[in-house]
Amino acid sequence: MPRKPSKSPAGKGPRTSARKPARVAAKRPTVAPTDLPQERIVRALETIAAHLSAQGKRAAAPESFERADAFVWHPDGRLSAVPRVSRVELFLLKGVDRMRDILMENTERFANGLPANNALLWGARGMGKSSLVKAAHASINADRKPADKLKLIEIHREDIESLPALMEQLRASSFYFIVFCDDLSFDGNDASYKSLKAVLEGGIEGRPENVILYATSNRRHLLAREMIENERSTAINPGEAVEEKVSLSDRFGLWLGFHRCSQDEYLAMVRGYCSHFGIKVDDEALEREALEWSTTRGSRSGRVAWQFVQELAGRLGVKLTAA
């Protein structure tokens, strides 16, 4: 006869169900511990340490001013080295003799550790304002030992609010620096000029002794005429409002004005470039073509002369390398 299934005690389920939890509970302690969480922690700590070390190296990199003579400032605190500065030789800049001599004298005094002024080069476009700054820097460094070389640092107009942070980096260095801002001007409600005012003069720390500022602009007062006129018409005391705006230019000790060149000066620029780069053209034909080029451009300037020489050299198959 088939065996009858045994009955469980009253109020309890089948015997197999009663024993199952005991078997599961018995298996849990037998799971072997793993070292995986510890390994992950170690790897995470190593990654953090490497990241912090890299950050420290990046922060120290801008202090290595020996690697180049020119840098570009970035508002995040970086200084990018410029291996080769785009410039022209000082003797090729024609029609700016007086401004050249003044700027060279000021720059040389500064490089020798003597008092010198911040300089604002203002005036007609294309007359060699920024070219003169770069050429003066190169000329001063030509005969200097590496430890005595001037460093040129360009700061872009839109980054002018970060100028105090740049000053902080340069203050502790043993080198001397020209901080250069090309095409500096302010429009509308732009209030970033106040950062520049504080650095030039008036701030508690002031300008570091090893830093000088050179700026170029088409405007003598760095501000649009409309901006100044608006301040005059809306202010309760128009004189005070305009004085605050105009006082920025007053903090540059040197004002060097660049004006439109004459026809003779323009032709002298063209001839100087042609001689330097070995472009051989009949002088009468050169003069005729150069004047025609300036007429089509609507102006005469060093920039127009250089553009004509590039056109002429390309047409004649001459590379623009010094002859």
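**Exercise 1.** At what angle do H9 and helix H10 (residues 283–297) pack, and how many Å apart are their axes?

*Solution.* A word on the model before we start: it's predicted, so local features need pLDDT of at least 70 and side-chain atom pairs count only at pLDDT 80 or more, while totals for chains, interfaces and linings use all residues. Residues are numbered from 1 along each chain as its sequence is written, and side-chain values use heavy atoms, leaving out hydrogens and water.

Step 1: get the geometry. H9 and H10 pack at about 120 degrees, with axes 10 Å apart. Axes here are lines fitted to C-alpha atoms, for helices over the stretch in contact, and angles run from 0 to 180 degrees between N-to-C directions.

Step 2: name the arrangement. That angle makes H9 oblique to H10; under 35 degrees would be roughly parallel, over 145 roughly antiparallel, 65 to 115 roughly perpendicular, and the rest is oblique.

Step 3: look at who touches whom (contact means heavy atoms within 4.5 Å). H9 brings Gln263, Tyr266, Leu267, Val270, Arg271 and Cys274, and H10 answers with Asp283, Leu286, Glu287, Ala290, Leu291, Trp293 and Ser294. Sorted by type, that contact has 8 nonpolar, 2 polar and 3 charged residues. For the sorting, Ala, Val, Leu, Ile, Met, Phe, Trp, Tyr, Cys and Pro are nonpolar, Asp, Glu, Lys and Arg are charged, and the others, Gly among them, are polar.

**Exercise 2.** Work out how H9 (residues 263–277) packs with helix H11 (residues 302–316).

*Solution.* Step 1: the angle is about 40 degrees and the axes lie 9 Å apart. H9 and H11 are therefore oblique to each other.

Step 1: pick out the contact. From H9 come Tyr266, Met269, Val270, Tyr273, Cys274 and Phe277; from H11, Gly302, Val304, Ala305, Trp306, Phe308, Val309 and Leu312.

Step 2: tally the types. You get 12 nonpolar residues, 1 polar and no charged.

How values were computed:
Helix = DSSP H or I, 4+ residues; strand = E, 2+ residues; numbered from the N terminus.
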